[in-house]
Amino acid sequence: MARTLDALRDTRREWMINRSRLIASMLAITIVLGVLVYRYYSLQIVQHDDFMTQSDRNRIRVEVIPPTRGQIVDRKGRLLAANKPTFVIGIVRERSEDPAALVDTLTERLSLTDRELKAFQERSERRRPFETVPIKLGLDDAALATVAVDLHQLPGVVVDAQLTRDYPFGEALSHVLGYVGRVSAEDLLELDAERYRGTLHTGKVGLEKRYEPLLHGKPGYQHVETNAHGRVLRVLEKEAPVPGKNLRLYLDLDLQREAVAALGDQRGAVVALDPLTGGVLAMVSNPSYDANLFVEGISYSDYAELRGSLDTPLLNRAVQGQYPPGSTVKPLISLGALARGFITPDTEVPDPGWYRLPGDDRRYRDWTLRIRGTGHAERVDLRMAIAESCDTYYYDLAHRMGIDVMAEVLRPFGLGHRTGIDTTGEQDGILPNTDWKRTALGEPWYPGETISAGIGQGYMLATPLQLAQATTVLANKGESFVPSVVHRVDDLTVGGVQRPRIPMDEAAWQAVVEGMVDVVHSPRGTAAGIARGVGYQIAGKTGTSQVVSIAQDAIYDEEAISERNRNHGLFVAFAPVENPRIVVAVIAENGGGSGAASPVARRIMDAWLSEASDV
Amino acid sequence: MSEYTRFLEGSDRDFARAQTPAERLHLDVVLLLPMLAIMTTGLFVLFSASDGDWDTVNRQIRNFVVGFAVLLLLAQVRIDTLQRWAPTLYLGALLLLLLVPFFGVGAKGAQRWLSLGFIRFQPSEIMKIAMPLMVAAWVVRHALPPRPSTTVTALLIIVLPAAAIATQPDLGTAILVGASGAFVVFMAGVSWWQIFSGALAALVCIWPAWLFLLRDYQKQRILTLVDPEADRLGAGWNIIQSKTAIGSGGWSGKGYLQGTQSHLDFLPESQTDFIIAVLAEEWGLRGVLLLLLLYGLVVARGLWISFTAQTSYGRLLASAITLTFGVYVVVNMGMVAGILPVVGVPLPFVSFGGTSIVTLLLSFGILSAISTEKRVLSR
């Protein structure tokens, strides 16, 4: 068919047509080729720098190497807060064929909680492609071996090792050390976000919080080459992190555990200080909690339980608990009175078992009244007043000094203002005077309140640490230090900062200490019960503080009132008297009286002073 | 007129000369030399793109060998034989194409393959050859330029299989197949006003095509072209990464086997459709220009073959094959560089893949046949 038509065609004309179209095609090809060349020229020459940067940014990633947190050791170098390797199980969605099924598998194998799953979902929403999203945190070696041993074989599962905080002694030290927790959004408001890139934990409470800037260290960086899947192929450049500084404490682990054991189930607190440095040898608040619970985030129910408990385990009673100091202030008042000439060591006060303000009917009872129906003796001097804790003596003294002078002489001992110890949450206590009451309560000061203040009751409040601090002043005859838990930060000594010396006659110190020695070593002393078998001399002072005010002249019956309304028992002491090496303050909440506190102190002093080492 | 005369003189010279081995095998050496150079370059780039995988390179060499066998075979076939068989081939291919939706197998949501049990093939690849053969055969039934009625029928012949392929969906092949037919019509001398009105009509057709013919992913690719940053990690990823690879190559490149974009897996499809980005990254603009030069030589030789062909059929066929080859190159390099939508067109003789290489070499066999037939006839 085509052949027959061929005969009729004008081949030359067709050739001419083809030729003109070929020329048009060549023109078009040239133009298109020109566009292509221009495009490649524009990409490779004009925009080369931009794309080179882009290409480097693609492959080079700056990775943060978080610093290793400083560790905390006791005075003998035993680890109290350590960095423990744990494992994190994460998922790379892109490497799994069925991510949803993988999550289900992991949920079952690791028995993930709803809370963990929710956190995982939240993290998943912020992820980048090929990024590992953690699903299970804080698995230790054993857990990894049992539940997750073959998990890394599942496509998409990544098992990473990282350091987390571990408190090997748990409850015994939680109040001293505090704890770290996951860095939260609120934390980042006050922390330098740049220094915390890649860091998971930050101090929340206690030493961990107070020394956070030193414990944290400085992150390092490395430039790594990665492929499109984010896998690191090689390290191009590296700046090593600076690890956090280690803290060495004054605290002695053995003594701390002895103090915990001595308190037993008794609610309360113990503070033991080294009078030569102000260093905290032991600091216990009971009940306590396990700081390890907080490290990876405490569960809501656990936290609710701690928060809701009537026993307030989260309260560090040693520095946050404020109690009426009771008779433990008597030696301090005595010193002030001696210095200001209100009394001499020989001043005698008649003691019928009660005191009455001139022109007032109200009788202020001595504690002996309900036991013996009488006072301590016909006439009581300073030594006996301290040894037997004669209330009448101090009612009279307080009345003569007046509240403002009393507050003035007590302040140098550290009452009414926080000591400045290196932990968090410390309270001021209250050292009342007329100004304070007008400002705080808007009321005038009544003379009867001065009488209560004379035996450390009423508005007066002090923390166990403040009492220990004041006792240090007594032990050192005027000298004292800002209490400090930490001795050294790496090689730098931070403890042992001196406070202003309280100048006073040697005779005055002597007189008061004599009374305090009698508290323990005289048969009539209020803590004579702890003197049995003691191989050294103790100077102490008992105290009992009322939880509820008892109606005038009512007979105080311990059994009749509920346990939580029972008096707090207090005891402060130092030993040995001639060469003090330990100061102890004990409070036994609702212990009934000082009898619940003084044996605790004895046990702690025994433990410390029997130590062969003289550190 | 003068060219025509010179061409006649040239053929006299050919007649006088003894036949070279290449001529005896009906091979066009001037066409094959730049083509071999491209293939060699391609093997080097593929070696790098596959991260030094000899297996991939060997399989590509096998593709080349099979393709050459086909080329050699086709070069021996007489052009008028092809012309006679064109309608049969076309109708057969069309039938197979229409069977694909019913019996086809496929992957990634596209049905392109027919399986005969022992062999799987794409009817659209057969159509790549059949289309120019058929359209050329159709328009040369009457004297050129074609009458309007012939043109309209020719367009029907083009659109029917192109649309079938586009709905598979395989937009890249549809464009190549459509273009190869359209080039025949263009070369046949359809008047310019007809071309323009046709182009206008095509533009009008884009609207319904956008609505009904294009799949979501195809629309996405076109939208991505306009703003690749809109979906950095999704559809835009390929283009951003390929542009980065090309751009970071600069004038002299990062060095052979040193491309970070390709070797660190940032560049997708680096052995197939996006292989030019590997070359551009490692060899720089120098390499790109060299490759373009080689392609230019092939196209120039192809057009020369068309220029000197004895019959209108040969001329139309040669130019359609050559221009389609040019479209391959331009569409591929354009899409990788981000000025054309990503439509899945391989870079001829460089991209890894058996089917396209065999089909391309088959068409080069036809070109060779056309190139050598003029001499046979002139004897």
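The chat below goes through some features of a predicted model with chains A and B.

Q: OK, sheets. What is the strand order in the open sheet of three strands in chain A?
A: The order is β1-β8-β9, and the pairing is antiparallel.

Q: Which ones are the edge strands?
A: They are β1 (60-65) and β9 (232-239) of chain A, each of which pairs on one side only.

Q: And how far are neighbouring strands turned against each other?
A: By 30° on average, with direction ignored.

Q: How many bridges hold β1(A) and β8(A) as a pair?
A: There are six bridges, in the antiparallel sense. As an example, Glu63(A) has Gln222(A) in β8(A) as its bridge partner.

Q: What about β8(A) with β9(A)?
A: Strand β8, residues 220-226 of chain A, pairs with β9(A) over six bridges, and the sense is antiparallel. Val224(A) has Val235(A) of β9(A) as its bridge partner. Glu225(A) stands opposite Arg234(A), which is in β9(A).

Q: What makes strands pair in general?
A: Backbone hydrogen bonds do, and the strands can run parallel or antiparallel.

Q: Switching to helices. Which residues of α11 in chain A are buried?
A: Helix α11 covers residues 253-263, and the buried ones are Leu253(A), Leu255(A), Gln256(A), Glu258(A), Ala259(A), Ala262(A) and Leu263(A).

Q: What comes just after α11(A)?
A: Gly264(A) does, with a positive phi of about 60°.

Q: Which residue other than glycine in chain A has a positive phi near 40°?
A: Thr312(A) has that value. Thr312(A) lies in the loop between α13 (300-308) and α14 (317-320) of chain A.

Q: Why does Thr312(A) count as partly exposed?
A: Because 17 other C-beta atoms lie within 10 Å of Thr312(A), and a residue needs 20 or more to be buried and 12 or fewer to be exposed.

Q: Now chain B. What is it made of?
A: Chain B has 15 helices and three strands. Of its 379 residues, 51% count as buried.

Q: Where is the cis peptide bond at Pro145(B)?
A: The bond joins Leu144(B) and Pro145(B), and omega is about -5°. Pro145(B) is found in the loop between α6 (123-139) and α7 (148-166) of chain B.

Q: And what is omega for the cis bond from Ala575(A) to Pro576(A)?
A: Omega is near -15° there. Pro576(A) has its place in the loop between β20 (568-575) and β21 (582-588) of chain A.

Q: Last topic. How many residues does each chain put into the contact?
A: Chain B gives 45 residues and chain A gives 39.

Q: Which helix gives the most on the chain B side?
A: That is α13(B), with 10 residues.

Q: What classes of residue are on that side?
A: The side of chain B that touches chain A has 24 nonpolar, 17 polar and four charged residues.

Note on methods
Residues are numbered from 1 along each chain as its sequence is written. Chains are lettered from A and ligands numbered from 1 in the order in which they are written. This is a predicted model: local features need pLDDT of at least 70, side-chain atom pairs count only at pLDDT 80 or more; totals for chains, interfaces and linings use all residues. Helices (H or I, at least four residues) and strands (E, at least two) are DSSP runs, numbered from the N terminus. Two residues are in contact if their C-beta atoms, placed from the backbone, lie within 7 Å. Ala, Val, Leu, Ile, Met, Phe, Trp, Tyr, Cys and Pro count as nonpolar, Asp, Glu, Lys and Arg as charged, and the others, Gly among them, as polar. Two strands pair if DSSP finds at least two bridges between them. Axes are lines fitted to C-alpha atoms, for helices over the stretch in contact, and angles run from 0 to 180 degrees between N-to-C directions.
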